[in-house]
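Dear colleague,

Please find below the sequence and the structure that I am handing over to you.

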Amino acid sequence: MAAHRKPRQRSLSGNTARTAATLALAGAATATAFDGTGNAEPQLTPAQVKAKVDKLYQEAEAATETYNGSKEKADAAQRRLNSLRDETARKQQKLNSARDALGSFAAAQYREGGIDPAWQLALSSDPDQYLDGAAFAERAGERRAGAVARVREQLREIEQLRGAARIELTSLRSRQAELKRQNKTITGKLAQARELLARLTPPERAQVTGGGSAPGHASRSASDPRAALEQAGSVAASGSRAAAAVAYAYQKLGSPYVWGATGPNAFDCSGLVQAAYRSAGISLPRTTYAQINAGRRVSRSELQPGDLLFFYSGISHVGLYVGNGQMIHAPNPSAPVRLAPIDQMPFAGATRVV
């Protein structure tokens with residue numbers, strides 16, 4: 001019988017192996033094309049980068065205004081908590097003094113209270129003096145009873161204060177956690193914007209961020225307060241306080257944008273407006289959402305220097321009107337405080353503070 005042998009597999013020839021490898025690579029490339037991996041990210045034009053960066057800055061600024069409002073509430077909660085703690089400490093000190101006084105009385109009563117009052121009267125060498133002393137002791141006892149009642153009331157007050165402090169502390173910690181989340185959102189969006197701008201050449205970046213003659217003008221005005229005041233004084237402001245706010249804004253041209261900053265050397269948009277009117281003796285709220293309700297609404301056709309201008313549907317940006325269709329505002333981290341046309345952003349409304 002012939003031996004049954006397993007057929008020997010035929011090896012691939014050189015040409016066949018190369019063909020198979022080529023087909024495998026082609027298949028892998030096709031699969032890669034379909035699943036979207038392995039493709040280089042398309043190069044964005046400067047206009048596309050500008051659109052993306054503007055959107056990121058707008059989102060970051062909206063988050064910044066929310067952060068500013070949350071921080072204001074957190075600061076208020078911290079002040080209330082500190083006040084409660086101070087008041088608790090003061091009442092605790094008074095309570096300790098009252099307890100010490102009652103402790104001294106209790107010790108004296110223990111030392112002297114072992115003899116029945118009838119025997120004390122019988123054994124007294126001067127009964128009249130004893131009776132006078134007993135009447136005085138009775139009145140003192142009433143005072144001590146009042147002191148005990150006051151101690152009990154102080155204990156209740158201290159416990160109420162501690163309860164209020166615990167509630168305030170819980171609120172504060174919640175607000176602090178919210179601040180951390182908002183901080184993360186803001187810094188994340190600003191980092192994305194920086195990464196997009198880093199892809200551009202310096203001339204393209206200057207075009208996208210608006211870096212041109214305006215910053216030079218800003219820095220000259222900012223470095224010469226007299227020139228800024230003269231420029232502000234040439235504007236027919238609606239009142240002396242509005243003029244003072246406009247003059248302050250001119251003096252701050254060229255100052256850097258820093259989110260959450262209210263001056264004197266750096267600002268975000270609402271921080272600049274708040275600081276400008278603070279210099280004029282007027283206190284404004286911290287956020288754009290509150291500032292728009294801080295005065296009388298005016299239409300765009302009625303604008304006067306010193307009016308507050310608000311932009312975007314979410315009221316997330318504010319500038320200070322200085323006349324001739326121009327405003328001073330703190331735009332974003334890539335641009336300092338500067339003059340700009342008011343039609344540069346979607347107009348949402350205006351408020352006249354004075």
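In this message, two residues are said to be in contact, or to touch, when they have heavy atoms within 4.5 Å. Please keep in mind that the model is predicted.

I begin with Leu-308, to which that definition applies. Leaving aside residues up to four places away in sequence, Leu-308 touches Val-273, Tyr-277, Leu-284, Gln-291, Val-318, Gly-319, Leu-320, Gly-349, Ala-350, Thr-351 and Val-353. Leu-308 also belongs to the largest nonpolar core, which has 28 residues. The residues with the most contacts inside this core are Tyr-277, Leu-284, Leu-308, Leu-320, Ile-328 and Val-337. Two or more residues of the core come from each of α8, α9 (269–279), β2 and β3. Another core, of 23 residues, lies apart from it and includes Leu-161, Leu-190, Ala-193 and Leu-196.

Next comes the sheet. In what order do its six strands stand? The order is β1-β6-β2-β3-β4-β5, the sheet is open, and the pairing is antiparallel. Strands β1 and β5 (338–341) are at the edges and have a single partner strand each, so one side of each has no neighbour in the sheet. On average, neighbouring strands are turned by 40° against each other, direction ignored. As background, strands of a sheet pair through backbone hydrogen bonds, in either a parallel or an antiparallel manner.

Strand β6 (residues 347–352) has pairings that can be followed residue by residue. With β1 (residues 296–298), β6 pairs in the antiparallel sense over three bridges, and Arg-296 stands opposite Arg-352 of β6. With β2 (residues 308–311), β6 is joined by four bridges, and these two strands also run antiparallel. Here Leu-309 stands opposite Ala-350, while Phe-311 has Phe-347 as its bridge partner.

A helix accompanies the other part of the strand order. Helix α8 (residues 240–251) lies across β3 (317–323), β4 (326–329) and β5, and runs at about 105° to β3.

The side chain of Asp-307 reaches the backbone nitrogen of Gln-304 at 2.8 Å. Beyond four places away in sequence, Asp-307 touches Val-298, Glu-302, Gly-319, Leu-320, Tyr-321, Thr-351 and Arg-352.

Ser-299 is also placed in the loop between β1 and β2. The side chains of Ser-299 and Ser-301 are joined by a polar contact of 3.0 Å. Although Ser-299 and Ala-350 are 51 residues apart along the chain, their C-alpha atoms are separated by 6.5 Å.

Ser-316 is found in the loop between β2 and β3. At 3% relative accessibility, Ser-316 counts as buried. Again setting aside residues up to four places away in sequence, Ser-316 touches Gln-58, Glu-61, Ala-62, Glu-65, Cys-269, Thr-288 and Phe-311.

Yours sincerely,

A colleague

Terms used
Residues numbered from 1 in each chain as written. Predicted model: local features only at pLDDT ≥ 70, side-chain atom pairs only at ≥ 80, totals over all residues. Heavy atoms only, no water. Pairing = 2+ DSSP bridges. Polar contact = N/O pair within 3.5 Å; in protein donor to acceptor, adjacent residues only side chain to side chain. Axes fitted to C-alpha atoms, helices over the stretch in contact; angles between N-to-C directions. Core = buried A, V, L, I, M, F, W, Y, C linked by side-chain atoms within 4.5 Å. Buried < 20%, exposed > 50% of the residue type's maximum accessible area, 1.4 Å probe, protein only.
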